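This report looks at how the inside of one protein model is packed. Please have the sequence and the 3D view open while reading.

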Amino acid sequence: MTERGADLAIVGGGVAALWLAVRAARSNLRVVLITCGQIGAYASTRNQAWVHSGAFYAANEAWALAEHCIEGNADLRSLAEDTPGLMGCGPRDGECLVRDADHLAEVGPRLRHAGVDYRLGALASPNTSVVFGTVERPYVLRTADSTIDSSLLLERLAFDAVSAGARVLGSPGQPALERRGEAWSLRQGDVEVVADRVVLALGAGLPDYLGTWVPQYSGPVYVPTVTRVVVLSELPLSAPVIPLFDAAPTVVPVWHQRQWRGATVCVPFDNVPGRRPDRVGFAEAEAIVKLAVEQLPGVGEYLSRHDDTPVGVYTCEKLIVSGQRDGTEESRSFRVDQYPDGLYAFYAGKFTTASVGARACLRELGVRPKPGKGKSNRVGYSDGKVEMAQRAAVAPPGFELRIVPNGLSLVPASALPASPVRKGEIAHDR
């Protein structure tokens, strides 16, 4: 049995886990990240990759989450300064829609109160027209909402974590957890990691893991839900379109390998609480697409003119906080919970707030993150088989992170191609 000591062990391989690994390693902690064999295999590559300005939440008076989004947006844009292609085709303003002058008079002061920058845009921009067609939408607020190449972000964060001295261990499954004196033991196969503190950053996998290894503390803290998302692989959209009123879906372009790959439509009121996502059947997919088209007249017009447009539907699993109505803001930002001494759960509900949650998690652990982008002198290395998920991105110039059979190595990076889905086929896993 190979035993490795650590100040902090992180279980997970998504954006939240990687942000935490980067910040912890830069604070001179001995960090081991244990992933189930794939970096970004789950929700981190199955959502809209929407970088929130905070406008959507400020408009609904969710002040704390709006603040988190503003802070996280700044973190991502700072990371993008030396990561070509990370912010899609470059910073582009999102388009937040309001109904009329009365609605603008209500929303504008809320955005200013939260510190969200915006300006009044064209009454009918080409981008908005693609989504809503000829339907009149009188006011467009241009904000800092944008999109990010999610798999490129994962690769960048993995690179930073390894460069800062974190070790990445590939595991064929989730490691067994048990108390070892005053420390914790994480064991998988012939590898054991003993750490003073453990953070479970497993996303929607948290409830199952807690129920298996610490059932006395798990409780109904987190509840998984399912969201269906429509993928339109050829809809020409340059920036997010975000209605600031009820019963209208957001439409967000998707970037992969520094190229535009289409758009996603997040269907509202489509969360199914308390169960794991099922495969999307053709009947359900058709109903979801029809629902999205009805709410987005421009999309319907586009599909009628381009009947060979690839259309898919996929499921994205997320968590909400038990006892709260889905959609409450506590469920959408981040959450850090402590269980027995030294054991924590960290969940981030979106890309934009993951970095903010990572800082909060370190504060909960009693660690003060060091400012700046300084690197440790220690050389990171990894053990076990670690792979990027199928949407792994092309590395930007100057990157030297490669996923190899034995782990992560600081050598030139490689990429895996994305496969399109044609109309009539259903995308179960992007």
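Predicted model: local features only at pLDDT ≥ 70, side-chain atom pairs only at ≥ 80, totals over all residues.

Residues are numbered from 1 along each chain as its sequence is written, and side-chain values use heavy atoms, without hydrogens and water.

A nonpolar core is a set of buried Ala, Val, Leu, Ile, Met, Phe, Trp, Tyr and Cys residues joined through side-chain atoms within 4.5 Å. Buried means under 20% relative accessible area (1.4 Å probe, protein chains only).

| Core | Size | Members include |
|---|---|---|
| Largest core | 50 residues | Ile10, Ile148, Leu153, Phe346 |
| Another core, apart from it | 26 residues | Val131, Phe132, Ala263, Leu296 |

In the largest core, Ile10, Ile148, Leu153 and Phe346 touch the most other members. Helices (H or I, at least four residues) and strands (E, at least two) are DSSP runs, numbered from the N terminus.

Contact means heavy atoms within 4.5 Å. Beyond its neighbours within four places in sequence, Ile148 has contacts that include Leu76, Leu153, Trp255 and Phe351.

Helix α10 (residues 297-305) has Gly298, Val299, Gly300, Tyr302 and Leu303 as its buried residues. Among the elements covering them are α5, β13, α9 and β18.

The axes of α3 and α11 (lines fitted to C-alpha atoms over the stretch in contact) come within 7 Å and cross at roughly 95 degrees. The two helices are therefore roughly perpendicular, a term for angles of 65 to 115 degrees. Leu76 of α3 and Phe351 of α11 are among the residues making the contact.

Note on methods
Axes fitted to C-alpha atoms, helices over the stretch in contact; angles between N-to-C directions. Parallel < 35°, antiparallel > 145°, perpendicular 65-115°, else oblique.
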